[in-house]
Each structure stands twice: as C-alpha cells, then as structure tokens.
Amino acid sequence: MFTKQPHKSWIVSLSTFPPQKCGIATFTSDLSTAFNQLYAPAIESKIIAINSDPAIIDQYPSNVVAYLRKNYLEDYVKIAEKINTAPQIKVVSIQHEFGIYGGNYGDYLLHFTSALEKPLIITFHTVLPDPPPEMKQVVQALAKRAQQITTMTHTSKKILESIYAIPSEQITVIPHGIHPTLFAPSIQSKKILGLPTDKTIISTFGLLSRGKGIEYVIEALPEVIKQYPHILYLIIGATHPVIIQEEGEAYRDSLQQRIAELGLNENIRFINSYIKTSQLLTYLSATDIYLATPLDPNQAVSGTLSYAMGAGRPVISTAFAQAKEDVTSESGILVDFRNSKQISQALINLLSSPERQNSLGKLAYFKTRNMTWANVCIAYMRTFVRNVPELKESEKRAPKISLRHLKKLTTDFGIIQFALLTEPDLTSGYTLDDNARALQFTVLYYQHKKSKTILRLIEIYLHFLAFVHHENGVFENYVTAERIHSSIQNNHENLEDANGRALYALSITATAHFLPKEIKNKARQMYEKSIENAKKFTSPRAIASYIKSLAIFLKEEANPKYLDNLIAGCDLLVSHYRANNAKDWEWFEQILSYSNGAIPEALIISSKITGNQEYYTIGKKTLDFLISHTFEDGIYIPIGQDGWFKRGGHRHKFDQQPEDVATTITALKSMYEISQDRYYQKCAYKTFDWFLGGNVLGRIMYDQSSGGCYDGLRENEINLNQGAESTLSYLLSRLIL
C-alpha cells in the first residue's frame, strides 16, 4: 500500500493493468506511460490495479502502488479510505468497463465511489444505447459521483446524454490513443518480420474471441484469391484469457478447420501470441490493408482500429460506433455486419487500385495525428486541471534533443528547405535562412555534445553560407535542388532578413572557442566582408539580427568599430519605434508579423553593452506589448501568419509558425537574464510549451518519432509537414531552455 508523501502530486488510475491481458489494461498502461513522459516528476501517474488473478500480483511494475481484488467487496471501501488519507493523490481516474469490476454489472465500484472523497474522473469505455435497467442505474450512479465523464466517441456522448440523462457539460470526448509512428511503405517492416515482400499483407489484430467476426473474413477470401492470389491474411493475437477459461481454443480450432476446408492454408497465418506494443506496431507497418470486423454494432471503440489508422493503413471495417465516426470514404471502407460478400468486394476494390490504398492510408494517418498518446494525455490533463486547479497543466518535461530529422534533411551540400511529412522535398532546394539556423544550432549544440557527426554538419552549413556569399558581402538566399543560385527568387525578394540571420550565425561560429581554428576563421572572414552591406539594412528584423551579431563579438572583445555599428543600429531601431509608437501601439512598425521577438531583444541586450537606459526602456515596453498580444489565459498564441496583426485591425491567430515561437523564447530568455525578473522566465517556459501541446488546439507540435517539428498550427488542424525552419526553430528553442 502507498505511503503518505505530501510533497508529491499523483493522479491515480483505477483499472486493470499489465501483466493482466486485456484491452483496458493496455490502454491504461499506454496512457500512464505517456503521462509520465510528459509530466513526471512534477506530476506522476500511478495505478491501483483491479486484480482477478493472484498469480500476477508480484509481477506488477513499480507504478502500481496498490491493488484490490475484483470480487472482494471490502477491498473497494478500504482502498477508497486509503486514498482519502494520501495527500499526494490529487485526483482519481477510473477506467470503466463492466466486466473488470465485481458485483452485478460492476456495482461493487459504487461502494468505492461512495467512500471516496477525492475528485473523480470516469472514462466509460463501453456505452450501450439500450442497457438493462440495473446497468443503467450503475452508470447513472457513477456519473452522479464524478466531477467529469470522458468517453471516446461523440456517439457515446450523445447516448450518455439522451439515454442516461447525464448533462452534456459533464462529458468530454477524448479519443482512444495511438502510438506515434512514421508514415512509411510496408516493405521494410515485412523484411524485419520475415514476411514475404511479394505478397499483399492483410491483417486483423486483437485478443481472439467469437465477437471478432474472423469467420466472415475467411468466407470472403476465396472470391478475392481468384483475382489476387498473392495475399496473406494475418490473424494476430492470442485467444482472450476469459475465452480460454470458458471454452479453451474451440473458436480458433473452428477457424482453422474452415481454412483447411476452403484450401486457404497458404493464404492465412495465425500469430498466436500476446504481442508487445513495439512488435504490434511493426506488424501494422507491414500491413497493406487492415480489417476490423467486430460483430457488435454497439461496440463503442476499438483500440486496434485506432492503431491501424494511426499507422497510415487503409481499413475495411464493420459499421460499429467508432468506425461510423472515424472511417469515412476518404480513409477506408465500411461493410455490413456478418457480410462476407461485402468484405470480398471491399478487398477487391482496394487490391485493384494501389493508388487508392495509398491515398486512404495517408488520409487515415492525417486524420489521427490528434490521437497520439501525448495529445490524448494533454486532453486528459486539461480535464483534470479544470476540476483540480492546483494541478498545473503546463508543467511538462521536454523530450531529449534528437538530430534524427535534422540529419535526414541534410545533404552533403546543405539542409533541404521543405519536407513532405517526414521525407525531404528535394525539389524545394536550399535557403540561406535555413542553413544559417542550422549552423547556429549545431555550433551551440556542439558545445554541449562534441562529436565528429555534429562537426561535419557545422562544416556543411558553413560551406553553404560560403557558396551563397559574394565578394561584395551580400548573401544570396535561394539555391535550387541542382545547386544553382535561383536568380528569379533572389532578384525579386528582399533578402535583408536572411542576410541578417547569416551574420548572427557567423558571429556565433566565429566566437565559439571550442571549434577548430579554421572554422572560426572562415566564419570571421565572411562576417568582416559583410559589415558594409549590413550598414545598409532597413528592415527592423535584419537590423536586429545584425545588432545581435555585433553583441556576440563585443562580449568577447572590445572592438570600437563593432560598438559604433551596434549603437548606430540601435538608434535606427529607436527611430523606427518613435515613428510608429502610440499609446495603444508600442511597436516599431504598423504591424505585428513574424520574428517579432528579435527586435526588442536587440535593444535589450544592447542596453547592457552600452549602458544606454533608453534602449532597455524601449526594449521592455515593446516586449511587454508583444506579450500582451500573444498570451491569453496563460496560453501562448503567436501572431497568425494568415493575416498578422495590423494596427487598428483584426489580430489573426492562425496560421501559427514555430519560427515566431522560437524568436519569442529567445527574447524572453534574454530579458530574464538581464532583468532577473522571473515573470519573463515563466513566460519563456509557457511559450516553449506551445511545442508540447500548450496551444489553442492542445496539440503536440514536436514529433518524437521523427525528431522533427510540424510546420504550423491552423484553426482546426496542424500542418504535418516537417520542414527545416520549423524543426530548427524547435531544436534552437529546446537547446536555449
């Protein structure tokens, strides 16, 4: 039993838990793991396991702090009383399925909820539209005690409202979670699993029971095989433990007998074992078409269907509750229950068009990005916080830095500008902007983690800057995929901001004492050639980058020329401010657009170098003005790129860009370091939380599976492409904080 730990904050889930083999146990384990990855040690997820098998009690992992015996009524009250006296437990989350709790329709649980004094959240995994009266009474009694109900489909919510008379405002819809995976063709995973690469793999996954409808798939296959003989159907999963107790392997035996009768032994294979999550994801990645054929139209949700769609696989499913919501004509095909003919037709339809298979799978992948476990975890946490305000939803643990996607985007010439999902879009070519960011990040990261790989990346990005640098000190920005200067873009766009960003990256490189001398010298030489050109900058952001680059050098050396240039640049920003500021508009232009934080930051850091109080005053005023328009209810909302914010006009909130987030973080960190005002430090962490789901959609913007960052946050979705700018914006922000 858990001990009192008043300095801790726990969210305790009441549920079955591995090594018990059931869907609720797996769900709770995945959610708890995601929760601890995001929030521990500030807030931890712990488990009280519902146990029906004494043999596994000693096998529970350490996060199971207690267990209660399913069929012992006294355990329910004792556990509740123990929870009441544990100060670390802030909220209890019940994962509810009727069969896992003792009594009539699990009504032993009512004794637990009656004795419990802590805030309570209940997730209903099964919601029946025509329940027996006793079942309905149990659900209503549980709902009456709970502060909040969560369910996984809008259909289930409507049933709870109309049939069980639970108020709509008490119910939150949070989808079943999925594991983040990369969208990839099946061939590589087929090789890993030793599956034939020349066959189309069709699969069904889950603990085997008569409710899976496998027999109707088997009856459907002969017609399919006449046209497409090179298919292999995998039936993945052990028989459900309860079924083993009741009838042994009778159902599996009957399926195998029918397979033999139909002559399908070469086309169907059983994977008769309890599959671990990592292996399941590999099987799903090896799958070309996924079949979900449960026989109960009232089944609320299927984790296996969610996983398959999340892996980017086209699905054929019977029309149970979740499938009717999630499987649209753009992501799969719905079939009637117990209808082998429709299953045959659907399979033939997809097998005849590999292009449609790919299209359905890709759209299923897009549609399910909000369902990754991290996003689901954030949604649960927001529900907890609404009912227990002392929990702080933004206290997340940042993932470790990964260079996986950065390396993937980088060729021997430089970093590719754009990506299609996680794959580099080679046709997009290269930019000075992105290679300057990449140089800045890798130099700073090399200070923390020296390796030949990172040094090689530094050399690549620095060489790119040299490639686009002219003798007159001007940098080109755009280079084609063929590694030729793109004269059309370079001649028709203002390149000042890109030039300023290059100077800032070069200053960081030239002053990095831990780098080889030849790299530093090369960076310094390019920088010196560009000073005269930099004096001509008129863009406030370019001027700010140039000022910041001079400040880097002035921290290392007393250079009168650099100091004069810095002061001249600051005075130019001050003149921009004076020409545009008003009582309701403390800014340098008549618009808030992109990279906003860089401008006040330049004045703030220069105030310390020059001792000029006016620089600090204007820098602080303008940064505070930016904060006032980018924070709402403790959430950072960058200026939207779909219209920005013109003075006197509408403040646009979408399309939010990672690059603007990164510049705000840098500005807030600089302000905190100079002022030592923790307000700015807190703002910096709240801003970084935008990447980790602390945004208006509650969506994770950093993809741990790839190491990349999504390109933008739209009104109802995110841009799933992971280009260089967004990924580097995340990496720089993560490194800075």
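1. Ground rules. This is a predicted model, so local features need pLDDT of at least 70 and side-chain atom pairs count only at pLDDT 80 or more, while totals for chains, interfaces and linings use all residues. Residues are numbered from 1 along each chain as its sequence is written, and side-chain values use heavy atoms, with hydrogens and water left out.

2. Helix 23 itself. Helices here are DSSP runs of H or I with at least four residues, strands are E runs of at least two, and both are numbered from the N terminus. Helix 23 has 21 residues and spans 31 Å from its first C-alpha to its last. That is close to the 30 Å expected at 1.5 Å a residue, where the expected span is 1.5 Å times one less than the number of residues.

3. What helix 23 buries. Take buried as under 20% relative accessible area, exposed as over 50%, and partly exposed as in between (1.4 Å probe, protein chains only). The buried residues of helix 23 are Tyr562, Asn565, Leu566, Gly569, Cys570, Leu573, Val574, Tyr577 and Asn580. They pack against helix 21 (517-534), helix 22, helix 24 (598-610) and helix 25 (613-630).

4. With a relative accessible area of 17%, Asn559 counts as buried. At the start of helix 23, one of its side-chain oxygens comes to within 3.1 Å of the backbone nitrogen of Lys561. The Asn559 side chain also makes a polar contact with the side chain of Glu557, at 3.2 Å. (A polar contact is a pair of N or O atoms within 3.5 Å; within protein, one must be able to donate a hydrogen and the other to accept it, and residues adjacent in sequence count only if both atoms are side-chain atoms.) Setting aside neighbours within four places in sequence, Asn559 is in contact (heavy atoms within 4.5 Å) with Arg524 and Leu554.

5. Arg524 and Glu557. Those two partners of Asn559 also meet each other in a salt bridge, 3.1 Å from N to O. The pair links helix 21, which holds Arg524, to the loop between helix 22 and helix 23, which holds Glu557, 33 residues apart. Arg524 is partly exposed at 23% relative accessibility, and Glu557 is partly exposed at 26%.

6. Salt bridges elsewhere. The whole structure has 31 of them, counting a side-chain nitrogen of Lys or Arg within 4 Å of a carboxyl oxygen of Asp or Glu. One joins Asp288 and Lys190 at 2.8 Å, N to O. Asp288 lies in the loop between helix 10 (277-286) and strand 11 (289-292), and Lys190 is in helix 6 (residues 187-193), 98 residues apart. Asp288 is buried at 15% relative accessible area, and Lys190 is buried at 4%.

7. Arg501 and Asp433. Their side chains form a salt bridge at 2.4 Å, N to O. The pair ties helix 20 (residues 496-510), with Arg501, to helix 17 (residues 432-448), with Asp433, across 68 residues. Both residues are buried. Salt bridges with shared partners join Asp433, Asp434, Arg437, Arg501, Glu659 and Glu725 into one network.

8. Leu735. Beyond its neighbours within four places in sequence, Leu735 contacts Ile401, Phe441, Leu444, Tyr445 and His448. Its C-alpha is 21 Å from that of Arg699, 36 residues away along the chain.
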